[in-house]
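Trainee: I have just opened this one and would like to get my bearings. Could we go through it together?

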Amino acid sequence: MSLLLHPQSKDQYDYFAKDAPQSVLLVAPEGAGKETLLYTLAQEVAGEHSAGRIFTIEPEPDKQTIGIEQIRELKVTLRLKSAEHRIIVIPHAEQLTPEAQNSFLKLLEEPPKGVHFFMAVTKLSDLLETIQSRAIVWRLVLPTNAQIKEYFKNADERTLAKAVAIGESRIGLI
C-alpha cells in the first residue's frame, strides 16, 4: 500500500523510518489516517519479521479508556530482553487515563533498549506536557487537493470532488 502524504509529512515519515526515534507523537485531525500511518511506520521500522514485535495499546473491550493496569502489564512485557526493535503503538493516546499517563511517563523517561513508542492524538493538549516533551511531536500536514486528485486519478472526478469536500482533505474520510 502506498501512503498519500503531503511532501513535508513524507519527508518526516522517511526520516523516522530510516532512523526511528525513541518516541513519536503524531498530531492530526480525526479521519486523517493516523492509525494507518503509525502501523505502516511501525512495520517499516520492525522490518520483514515484525510478528510479535509490534504491540498495540488500546482500551480493553469493555472500557472507553486505557488504564494504569494496561501500562503496568506493558512494563512487565518490556522487561523481557530482545535483540530486535520493538514498537509500541498507541493509536489513540488521548484515551490514556491521567494515572496511566503518569505511569507511561516513567517508560518514556527510562525506555528499555530498542523500544520505540508511536502515539497519536487529535489534540496535543490531550496528553500531559511531560509526555509531549519526551516525544518528537509530528504535526501531520494534510495532502493537497492536487495530490488527492492524482492519487485517485482513476476515480470519477465528480465523486472524488464531493468526497474531498466532505472529508476536508482528510484521507481517512475519502
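Mentor: Let us start with Leu108, which counts as buried because its relative accessibility is 3%, where buried means under 20% relative accessible area, with exposed over 50% and partly exposed in between (1.4 Å probe, protein chains only). Please keep in mind that this is a predicted model, in which local features need pLDDT of at least 70, side-chain atom pairs count only at pLDDT 80 or more, and totals for chains, interfaces and linings use all residues. Residues are numbered from 1 along each chain as its sequence is written, and side-chain values use heavy atoms, with hydrogens and water left out.

Trainee: Where does Leu108 lie, and what is Leu108 in contact with, leaving aside neighbours within four places in sequence?

Mentor: Leu108 is part of helix α4, helices being DSSP runs of H or I with at least four residues and strands runs of E with at least two, numbered from the N terminus. Beyond those neighbours, Leu108 touches Gln22, Ser23, Phe117, Ile131 and Arg134, contact meaning heavy atoms within 4.5 Å.

Trainee: And which helix has its axis within 8 Å of the axis of α4?

Mentor: That is α3 (residues 68–79), whose axis comes within 8 Å of that of α4 (residues 98–109) and crosses at roughly 20 degrees; axes are lines fitted to C-alpha atoms, for helices over the stretch in contact, and angles run from 0 to 180 degrees between N-to-C directions. That makes α3 roughly parallel to α4, since angles under 35 degrees count as roughly parallel, over 145 as roughly antiparallel, 65 to 115 as roughly perpendicular and the rest as oblique.

Trainee: Which residues of α3 and α4 meet?

Mentor: From α3 there are Ile68, Ile71, Leu74, Lys75 and Leu78, and they meet Glu99, Ala100, Ser103, Phe104, Lys106 and Leu107 of α4.

Trainee: Changing topic, which residues of α2 are buried?

Mentor: In α2 (residues 34–46), the buried residues are Lys34, Leu37, Leu38, Thr40, Leu41, Ala42, Val45 and Ala46. They pack against α1 (7–18) as well as the strands β1 (23–27), β2 (54–56), β3 (86–90), β4 (115–121) and β5 (136–139).

Trainee: At what angle do α1 and α2 pack?

Mentor: The angle is about 35 degrees, with the axes 9 Å apart. Tyr13, Phe16 and Ala17 of α1 meet Leu37, Thr40, Leu41, Glu44 and Val45 of α2.

Trainee: What follows α2?

Mentor: Gly47 does, and its phi is positive, near 90 degrees.

Terms used
The expected span of a helix is 1.5 Å times one less than its number of residues.
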